[in-house]
Amino acid sequence: MDDVYFMKTALDLAVKGRGFTSPNPMVGALVVKAGKIVGRGWHKQAGGPHAEVHAIDDAGSLAKDATLYVTLEPCNHTGRTPPCTEKILQAGISRVVVAMKDPNPDVKGKGMDYLKAKGVKITSGVCRDEAKKLNEIFIKYIQTKRPFVILKCAATLDGRIATKTGDSKWVTGPESREFVHRLRHAVDSIMVGIGTVEKDDPSLTTRLKDAKCLDPTRIILDTHLSISENAKMFQLDSDSSTLIFCNDSPSINKKTAIEKKGAKVIEAPLKKDLIDLDYLMDYLGTLEITSLLIEGGSRVIASALAAGIVDKILFFYAPKILGGDDGVPICMGPGPALMKNAIPVKDISVRRFDDDVMIEGYIDN
């Protein structure tokens, strides 16, 4: 068994922290001695011990002169927890294999440099691409202080997300919808527009039967603060918050009534009579919201793409055809006049959920 095998095992451990570590990354670690795994660990929650600490504690005295595999460079600074580099040195680890450097420009490479100066052998870059994919959210946030944005939609083969009456239950099947709920657990926040709230009255929670899960922060774009005080999201038993973004001159009485329901109303600047999404990204970043899932309707999808805030798309297509031109399209509003001005999507992958097909890709902004 080689470095790649052990690092892939560490990456599998890291995934166990999905949804629980934000604003920290997902990290897995293994302690290996004489070709055998003697310690395992992963970062379980923000503020808790890092993966290296769990793995070294699991190994106990066997950590001396062993190799540590870790999916992200060990930290060499004191944050919410002590530096992992000191834990590694105290345990007597002789070699550290790292998948990727810390993407934080202020600390990148310093952990490995420190360990190397102390006589620890360092190998880096093992399964680097897999590690970057795992923590694409953390990388974007730590480098820009803005959330990583995922745009999700579900459509028929002829590109409609609802019928002419607005009926959208259900475009895709149960396997696709379960995946989306797992995605809701994995992200910090979810966003829709007031049109979706008025039409569907969604709860925007995570609903999984077989796993502990967290609700994302609910974000509503409601320029004129027209949301009903009886909306379902105000009646939830949920630990997550609801943020409603409106223009800078809402009705004071309405704002007070909504905030009495437990939501927070945020007055935001407008751009072309809609909430300025650049402002929104900066604001969410100040709240340490590292990721945003957009599940909005046609206008929100079009606005997000036009604003250039989308990093990743997840387009689900169901094997259904409405067969008319009067259903609700994926995007609503003016598009480019020339095909060469379409938004390019790269690094495409395709996945099936029963008979549904999901296209995943990335957008450069």
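## The second largest pocket

On a 1 Å grid over the protein atoms alone, a pocket is an open set of points with protein on both sides within 12 Å along at least five of seven lines, and its lining residues have an atom within 4 Å of a point. What you have above is a predicted model, where local features need pLDDT of at least 70 and side-chain atom pairs count only at pLDDT 80 or more, while totals for chains, interfaces and linings use all residues. Residues are numbered from 1 along each chain as its sequence is written, and side-chain values use heavy atoms, with hydrogens and water left out.

Let's start with the second largest pocket, which holds about 940 Å³ of space; a volume here is the space filled by probe spheres set on the grid points, which are joined across faces, edges and corners. Its lining takes in 39 residues, and those nearest the centre are Arg-18, Met-26, Leu-134, Leu-183 and Ala-186. Helix H7 (174-186) is among the elements that supply at least two lining residues each, as are helix H1 (3-14) and strand E15 (312-318). H7 gives the largest share, 5 residues. Helices (H or I, at least four residues) and strands (E, at least two) are DSSP runs, numbered from the N terminus. Sorted by class, the pocket lining has 18 nonpolar, 9 polar and 12 charged residues. In that count, Ala, Val, Leu, Ile, Met, Phe, Trp, Tyr, Cys and Pro are nonpolar, Asp, Glu, Lys and Arg are charged, and the others, Gly among them, are polar.

## One cavity

There is 1 cavity of 30 Å³ or more in the structure, a cavity being a set of grid points where a 1.4 Å probe fits but cannot get out. The largest cavity has a volume of about 30 Å³. Among the residues lining this cavity are Glu-73, Cys-75, His-77 and Asp-102, and the lining divides into 3 nonpolar, 3 polar and 2 charged residues.

Helix H2 (residues 51-59) has Ala-51, Glu-52, Val-53, Ala-55, Ile-56 and Ala-59 as its buried residues, where buried means under 20% relative accessible area, exposed over 50%, and partly exposed in between (1.4 Å probe, protein chains only). Those buried residues pack against strands E1 (28-33), E2 (36-42) and E3 (67-70) and helix H3 (84-91).

Over in H6, the buried set is Glu-136, Phe-138, Ile-139, Lys-140, Tyr-141 and Ile-142. The partners they pack against include strand E6 (148-156) and helix H10 (277-286). Just after H6, Lys-145 also has a positive phi, about 60°.

Ser-189 sits in strand E8 (residues 189-193) and is buried, at 0% relative accessible area. Leaving out residues up to four places away in sequence, Ser-189 touches Pro-216, Thr-217, Ile-219, Ile-289, Ser-291, Leu-292 and Leu-293; contact means heavy atoms within 4.5 Å. The side chain of Ser-189 also reaches the backbone oxygen of Ser-291 at 2.8 Å.

Ser-240, in the loop between strands E9 (217-221) and E10 (242-246), is buried too, with a relative accessible area of 14%. Beyond its neighbours within four places in sequence, Ser-240 is in contact with Asp-215, Pro-216, Thr-217 and Arg-218. Its side chain makes a polar contact with the side chain of Arg-218 at 2.8 Å. (A polar contact is a pair of N or O atoms within 3.5 Å; within protein, one must be able to donate a hydrogen and the other to accept it, and residues adjacent in sequence count only if both atoms are side-chain atoms.) A polar atom of the Ser-240 side chain also lies 3.1 Å from the backbone oxygen of Pro-216.
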